[in-house]
There are 2 protein chains.
Amino acid sequence: MTAEEVPDDHPRHGSLVTRHRIEEGVEKGITSKQGLVAQGRGEALDYLLGEETVPAAERAERTAVARTLLADHAVVSVNGNVAALCPQEAVSLAEAVGADIEVNIFHRTRERLEAIAEHLREHGADEADVALRGLEADARIPDLSSERAKVDRDGIYSADVVVVPLEDGDRAEALDAMGKDEIVVDLNPLSRSAQTATVPVVDNVVRAFPRMTEYAETLASASDDELREIVDSFDADEALHDAERRIREGFGDGDTR
Amino acid sequence: MTAEEVPDDHPRHGSLVTRHRIEEGVEKGITSKQGLVAQGRGEALDYLLGEETVPAAERAERTAVARTLLADHAVVSVNGNVAALCPQEAVSLAEAVGADIEVNIFHRTRERLEAIAEHLREHGADEADVALRGLEADARIPDLSSERAKVDRDGIYSADVVVVPLEDGDRAEALDAMGKDEIVVDLNPLSRSAQTATVPVVDNVVRAFPRMTEYAETLASASDDELREIVDSFDADEALHDAERRIREGFGDGDTR
């Protein structure tokens, strides 16, 4: 059964489509074995979250878009799982907020980088006129070990705002130390990535990206003052606490797996 | 880095060894892609549980052993993840309680069944004189779709007690409907498998099996009356509620990932 063959009326349609996409990602060489394990961790946390976008996440998503629209140079970082799960949604978001996409993976191989870039092109990156970065690797994030430090000089290295879904904690901290504003999409509000974020979005990336794209369309005509007001009134700690409370209370509330 | 190369003093030694074993399981053809995703779900739940055996699980493990020692014919069911994670521990447990092992997998192929059986032999199944079943598939569990219904007539089909770690909910319910007593090892106390179990063990199988083997040695000289008293005084619902409470309260308590 491929992702396209899951019946629309299946009670766990979203979850099953997601799982099939990630398995197809492995077959196409864009998702790693570690990516499959990470997918499972996300599934468990999303199950506890009720598999829906909670109000705190909606606020965070709107704020993330406002911050990105104010950026001088924004980059959406895409790894193997994000590419497998929502390639088109990543391209649409980058287009809507005027950001580049940088392919950036934890277990780095040339083949996988190129497979991911190709997958994004198949899902409209060229047509959307979104710059695809990550293959130059001509700059380094300070204080990170070799492979994980590699970035593009014209991409993440010089960006003032980076959108990092499903990011490793070490890298999130190192990007923060470079003074960048980070929009982190992560289902664990206690992860170092979420704790480090300027705007932590505790939501499944497959729900977060389309919603952020919608906000980008709504906020397209907002003035910089209006955008700044949205950003300034956001409280990251409160958003994390709301998500944490929801996960804790959610357990025991829902249907079983 | 292989499982053997993780430094003993690494703060997340257990978790890293486990993850490497499951990845090696994929390379040996015994763990499926779906198994890797399931491993991730388990990791997230174990993280919430504090990655330790809680008191309710200890009671459940002791009870599980007592029930198994009272069995006419006990079988430990082993799937691809269990085989990858703790092959030797599965063999030791089966030997200690006088049970057979039956290889039983959700995504069934002949190659994977045989790879798992071979892996168990490499980890001492023959020396321990544990009967290895699951390759005959000459009987069927009623009311299950074709591939998942296959079992050995001299194995799970005729057993009165089955130990089913990481079992699918449909199969757990179908085995229950056959009147078998099920010992379920599962990190989600709300899963249908755990809810169906005669004795639900909410613990990581890599911790549960060695501890159950120890209990088997302690209880080896107990009389049937003593064993029956242990079984009769166990409250499955209470054990599940204790685990559920622990997971809910544990979130927000520990270190981040």
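## Exposure and a charged patch

Buried means under 20% relative accessible area, exposed over 50%, and partly exposed in between, with a 1.4 Å probe and protein chains only. D126(A) has 48% relative accessibility and therefore counts as partly exposed. In this predicted model, local features need pLDDT of at least 70, side-chain atom pairs count only at pLDDT 80 or more, and totals for chains, interfaces and linings use all residues. Residues are numbered from 1 along each chain as its sequence is written, chains are lettered from A, and side-chain values use heavy atoms, without hydrogens and water.

D126(A) sits in the loop between α6 (110–122) and β3 (132–133) of chain A. With E95(A), E127(A) and D129(A), D126(A) makes up a surface patch of negative charge (patch residues have over 30% relative accessible area and no salt bridge, like charges being joined within 9 Å).

## Salt bridges

A salt bridge is a side-chain nitrogen of Lys or Arg within 4 Å of a carboxyl oxygen of Asp or Glu; the count over all chains is 46. K33(A) and E27(B) form one, with the closest N and O atoms 3.0 Å apart. K33(A) lies in helix α2 of chain A and E27(B) in helix α1 of chain B, so the pair joins two chains. K33(A) is partly exposed at 26%, whereas E27(B) is exposed at 59%.

Note on methods:
Patch = residues over 30% accessible without salt bridge, like charges linked within 9 Å, V, L, I, M, F, W, Y side chains within 5 Å. Areas by Shrake-Rupley, 256 points an atom, 1.4 Å probe, with all protein chains shown as cover. Lys, Arg positive; Asp, Glu negative; His and termini not counted. Charge placed at Lys NZ, Arg CZ, Asp CG, Glu CD. Helix = DSSP H or I, 4+ residues; strand = E, 2+ residues; numbered from the N terminus.
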